[in-house]
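Hi there,

Here is the structure I promised to pass on. Could you have a look at it and then read my notes below?

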Amino acid sequence: MITPSFLQAALLFLAVAAPQAAYATLYQSADAAAAKTSRTKYDYIIVGAGAAGGVLANRLSEDSTKKVLLIEAGSSDYNNTNIRIPWLAPALTGSTFDWNYTTTPQVGLNDRSIGYARGKVLGGSTSINYMIYTRAAEDDYNRWASVTGDSGWNWNNMFKYFLKLEDFTNSPQVVSASTKFVPSLHNTTGPLGAGLPEVTLATDNIGLQAQQQLSAEFAYNQDVNSGNMIGFSWTPFSIQNGARSDSARDYIQPALSRSNLDVIVNAQVTKVVQTTTSGKTPVVRTVQFQTGSGGKSYSLTANREVILSAGAIGSPQILLLSGIGPVAQSKSLGIKSLVDLPDVGQNLQDHPLLTTNFQVSSSDTLDNLITNTTFQTEQLAQWEATQTGDFTLGACNQWAWERLPSNDTIFKSVSDPSSGPTAPHYQLIFSDLYIAFAGGSRPDGHFLTLISNLYTPVSRGNITLRSTNAFDYPIINPGLLSDKGGFDIHAMTEALKAGRRFLSAPAWKSWIVGEFGDSASAQTDAEIESFIRQNALVVNHVSGTVGMGKANTIAKGSGALNPDLTVKGVIGLRVVDASAFPFIPAAHTQVPTYALAERAADLIKACD
Ligand SMILES: Cc1cc2nc3c(=O)[nH]c(=O)nc-3n(C[C@H](O)[C@H](O)[C@H](O)COP(=O)(O)OP(=O)(O)OC[C@H]3O[C@@H](n4cnc5c(N)ncnc54)[C@H](O)[C@@H]3O)c2cc1C
Ligand SMILES: *[C@@H]1O[C@H](CO)[C@@H](O)[C@H](O)[C@H]1NC(C)=O
Ligand SMILES: *[C@@H]1O[C@H](CO)[C@@H](O)[C@H](O)[C@H]1NC(C)=O
Ligand SMILES: *[C@@H]1O[C@H](CO)[C@@H](O)[C@H](O)[C@H]1NC(C)=O
Ligand SMILES: *[C@@H]1O[C@H](CO)[C@@H](O)[C@H](O)[C@H]1NC(C)=O
Ligand SMILES: *[C@@H]1O[C@H](CO)[C@@H](O)[C@H](O)[C@H]1NC(C)=O
Ligand SMILES: *[C@@H]1O[C@H](CO)[C@@H](O)[C@H](O)[C@H]1NC(C)=O
């Protein structure tokens, strides 16, 4: 039997009716909001309702004396069943909840253009992501602190925000939970639900045995979120009670009952504009927004601040449209330059991804959820009845995060791009089914998929405007695997080799039949490199495009934001989202974004 291979093709995108808004404060379009919001004086206007925007909408509206407006380009359909069911996450990429961006042809990927997913709905990318829950490494935050000169960003000072944001409560189904994470490092009373996978897979024990057999290379790490990520560990997810946790559900919805918060959905901010001047410095507290490209344009001015949380593509796009960016770019498009800020749109970083498939002898794999429609129907019914079963699962139960050995020959020519010894160079995900993100037909049989990803890229990309029309997508060049020194392709190659070593442990003998498909014949380093360039994709962690740096220095390479996330050279404007990371953390990026926004909320409140 040949069925479509990508999960998305096999798992139905369920047809469910969009719920009607039940809140007086949730406007369904710019036009619907215009009459009321034009009479309201907002203290804060937040642009974008993703990881960061959700946190800010909630925290800034805790003070009932402050009026807060949140503007989101996507819909309010965050209760959609496709979003709520964790197992359906892959079906959200390329759906109505995805902006559907595409990259430029990537030189490092044999000139392939690839899809670049971003959430477009209340919750932003947290409503379409794969829900993996990692804080990142101690050294990653310490590097942010040293790059910005602000010790507030270091691990020890950020730790209170990791606790503040989370409700890490495992389902009672999780077997031996206390050996799979360190409870004392977690909080159970914050807003964002998280926990460990609640379904035991046949591969779980084999993975543990393999780790023990190869413990010299793959040490057991009891909690990937301790600050030291290195080793083999269990995978935490932003999943709770069997359903997705995201910023819409856990941060925005609880704040909707507050009368001092308004939310406008289906409204895209097209630019920010100068409100006035203070001394010689432009004050930028006005936003323009509209519903759809032909819609009427409205503008609103905040009393205190406009905060861009439109994500690492949306936020630089808005700044560039507003003349806040490299002056040469403004000029070439005929945009009046407000501030010459060379780093806006630069410094883009992301994690390249590679999947390889291994055929297995067992028929007890999650492939059944795709190939056996009876089983799929049963599991869906079980989820709908009790939010339990296989539909509560994410992409894997176990993984490993590892570093290249310090005597690796690459370090003779390239200095180590990682932030330090607690940060991994690469990640190995072990998935209990056939996955091929690029599509193609799904082969018959049962599989294990190794996903080997680079987490310390040297390569940098950029975002530039295609035109002055805010509804034209910007030109997105993540520059994947393009670094001159060849670190990235080398580390990707070593990652695949390490994954193969792990899967060659004696424990896998009775399970894995052999590597399957084209990757199997890629054996020499040169063959592996060419396989990677032809097949690598991306983990969708776009970061760094409006990076923070040391205070007040505007020169190229010194950051577009001050350490408190205010935009250099203007008054009244901040960027709070994954754009602000000066270096991409060696981890999945949602928790770093939530934590950055939690600190930002405190910084903003402290300006009172
Ligand atoms: C497919 C996919 C899988 C991922 N998997 C994981 C994972 O498993 N674990 C993990 O940690 N991270 C994952 N990520 C990354 C993570 O979700 C992001 O790093 C995080 O959501 C970034 O938060 P943000 O606030 O910067 O931006 P976003 O969450 O993207 O939010 C930006 C919001 O701004 C809105 N917006 C943009 N432009 C405008 C405008 N002009 N006007 C109004 N609104 C606008 C967008 O619609 C969106 O709602 C994944 C991402 C994707 C896309
Ligand atoms: C989403 O569902 C919750 C109940 O789980 C409900 O309280 C809320 O009103 C719903 N939100 C919307 C926008 O429909
Ligand atoms: C993304 O593409 C899908 C499939 O073509 C489409 O249904 C969806 O509307 C697109 N998303 C947006 C935001 O336009
Ligand atoms: C846990 O989260 C709650 C809510 O955010 C917070 O008040 C509390 O201080 C956190 N606990 C710790 C130990 O930080
Ligand atoms: C498909 O799933 C059903 C229900 O769980 C099960 O009874 C049946 O044996 C499965 N079929 C195959 C071919 O595995
Ligand atoms: C690195 O050191 C290990 C032992 O510590 C050794 O086995 C390996 O061959 C060395 N690699 C290189 C490239 O020198
Ligand atoms: C963006 O990156 C590409 C590829 O490195 C480069 O050619 C281009 O000049 C860059 N654009 C800007 C504005 O920096």
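Three strands make up an open sheet in the order 13-16-17, with antiparallel pairing. Strands here are DSSP runs of E with at least two residues, while helices are runs of H or I with at least four residues, both numbered from the N terminus. Two strands count as paired if DSSP finds at least two bridges between them. At the edges are strand 13 (268-273) and strand 17 (298-301), each of which pairs on one side only. From one strand to the next, the twist averages 25°; axes are lines fitted to C-alpha atoms, for helices over the stretch in contact, and angles run from 0 to 180 degrees between N-to-C directions.

Strand 13 pairs with strand 16 (residues 286-290) in the antiparallel sense over five bridges, and Val-269 stands opposite Phe-289 in strand 16. Helix 2 (residues 30-37) packs on the sheet, where it touches strand 16 and strand 17, and its direction makes about 45° with that of strand 17. Contact in this case means heavy atoms within 4.5 Å.

This is a predicted model, so local features need pLDDT of at least 70 and side-chain atom pairs count only at pLDDT 80 or more, whereas totals for chains, interfaces and linings use all residues. Residues are numbered from 1 along each chain as its sequence is written, chains are lettered from A and ligands numbered from 1 in the order in which they are written, and side-chain values use heavy atoms, with hydrogens and water left out.

Now to two of the ligands. Around ligand 4 are Arg-59, Leu-163, Lys-164, Asn-187, Thr-189 and Gly-190 (a residue is near if one of its heavy atoms lies within 4 Å). By class, this shell has one nonpolar, three polar and two charged residues. Oxygen atoms of ligand 4 lie 2.7 Å from a backbone N or O atom of Lys-164 and 2.3 Å from a polar side-chain atom of Asn-187. The protein covers 50% of the 360 Å² of accessible area that ligand 4 has on its own (Shrake-Rupley method, 1.4 Å probe).

Ligand 7 is surrounded by Gln-329, Gln-346, Asn-462, Thr-464 and Asn-477, a shell of five polar residues with no nonpolar and no charged ones. Polar side-chain atoms lie 2.9 Å from a ligand 7 oxygen in the case of Gln-346 and 2.3 Å in the case of Asn-462. Taken alone, ligand 7 exposes 360 Å², of which the protein buries 38%.

Best wishes

Technical notes:
A polar contact is a pair of N or O atoms within 3.5 Å; within protein, one must be able to donate a hydrogen and the other to accept it, and residues adjacent in sequence count only if both atoms are side-chain atoms. Ala, Val, Leu, Ile, Met, Phe, Trp, Tyr, Cys and Pro count as nonpolar, Asp, Glu, Lys and Arg as charged, and the others, Gly among them, as polar.
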